[in-house]
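This report looks at a two-chain model, taking up the contact between the chains, the fold of one of them, and the setting of a single residue in the other.

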Amino acid sequence: MNKYIMVIDDSPTIRISVEFALKDLGYKIQHAENGMDALEKVKALVNRKEDIALCICDINMPEMDGIDFIKKFREIDRFTPVIVLTTESDDERILEGKEAGASGWIIKPFQPADLIKVVKRFLR
Amino acid sequence: MIKSETSKFGKPLYILYPGDYFATDGDCILGTITGSCLVICFYEFRKKIGGMGHFIVPGAIGTGGIVNDDIAGSGIASIEHLIGELVKLGGDRRFLRVKVFGAGYNSGNDSNMTIAHSNIRFIHEYFAIEKIRIDRSDLGGDFRRRIYFSLKDNTVYRQVLKNNEENSEFIRLEQEYIDIQFRNKRKTGRIILFE
């Protein structure tokens, strides 16, 4: 069984940057370009009995934003950590994210070493 | 950023200062002046909304490409902030077009030219990865530019400023912004853990 980290962001540059930063952790990376796309990919992984170890999720995305994704994801999976990685710094949105079930919130830009530190903390 | 309700254009004018970004669905003009910085003008053609950003990539990016470069990360975040605001207005990056200006340099200063060329490379690499079409690119050169972006018709008016004294206050502010960016070139935003 493979262990996956989902990287959900409408920016291909960010998805590739995050994948590059996490390349040595030994996880497979599943990209998704918005919340809707991510939910479909989560369901496909669950159906194949694959293990999702962690999600890294943007907030402001078309079709389905990060807050709605987290709410829907929590209906499927209550425990897998979801780290928000976003430019969104509004305190109300951060609180919404926490209430939806996010595990952490990182405001871009990010240094790879800082991201790895947070990811490792949640992968323990 | 300052807003003027009345302007010579007959519609509201927003003047962006160095480091500012702004997205809107209103019928207005966005303006700025740049020397070394990049100015990007986005137009989302499906929603007919747009925005402008004024920023710099604070240093020379490495040969490995922008996705593997912590200095480029700062530039990526600057653009992401602006796109994030466009998405909040209902925009979608798949329907974005962009016009890019700036990265002027002092041809007598090698370091200044290196940074300008690195910024130009960054812009082209970033938009290639994002698959966002660059409709107009006016980058480099030993001069400053005044930019006005009319959102209603997605038109940019660019004026070359060859007189270094012209708008020197604006350029002083740009230099202050650049100095701050270079001092904080490798940074991560706030990290909050919900535990």
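Two residues are in contact if their C-beta atoms, placed from the backbone, lie within 7 Å. The model described here is predicted, and on this criterion the contact takes 29 residues from chain A and 27 residues from chain B. On the side of chain B that touches chain A, the elements that give two or more residues are H1, helix H2 (110–130) and strand S11 (191–193) of chain B. The largest share of that side, 10 residues, comes from H1(B). Sorted by class, the side of chain B that touches chain A is made up as follows.

| Class | Residues on the side of chain B that touches chain A |
|---|---|
| Nonpolar | 11 residues |

The C-alpha trace of chain A spans about 40 × 30 × 25 Å along its principal axes. The radius of gyration of chain A is 13 Å, which agrees with a compact globule, because a globule of 124 residues would have a value near 14 Å. Of the 124 residues of chain A, 48% count as buried. Among the contacts in chain A with a separation of 6 or more, 66% are accounted for by residues 24 or more positions apart.

In chain B, one loop residue can be followed in detail. B:Pro58 lies in the loop between strand S6 (49–55) and helix H1 (70–88) of chain B, the helix that gives the side touching chain A its largest share. Is B:Pro58 buried or exposed? B:Pro58 counts as buried because it has 24 C-beta neighbours inside 10 Å, and a residue is buried if 20 or more other C-beta atoms lie within that distance of its own. Leaving aside residues up to four places away in sequence, B:Pro58 touches B:Ile71, B:Ser74, B:Gln181, B:Phe182 and B:Lys185. A further relation across the sequence is that to B:Ile178, which lies 120 residues from B:Pro58 along the chain, while the C-alpha atoms of these two residues are separated by 7.2 Å.

Definitions and conventions
Residues numbered from 1 in each chain as written. Chains lettered and ligands numbered in written order. Predicted model: local features only at pLDDT ≥ 70, side-chain atom pairs only at ≥ 80, totals over all residues. Helix = DSSP H or I, 4+ residues; strand = E, 2+ residues; numbered from the N terminus. Buried ≥ 20, exposed ≤ 12 C-beta atoms within 10 Å, placed from the backbone. Nonpolar A, V, L, I, M, F, W, Y, C, P; charged D, E, K, R; others polar. Rg over C-alpha atoms; globule rule 2.2 N^0.38 Å.
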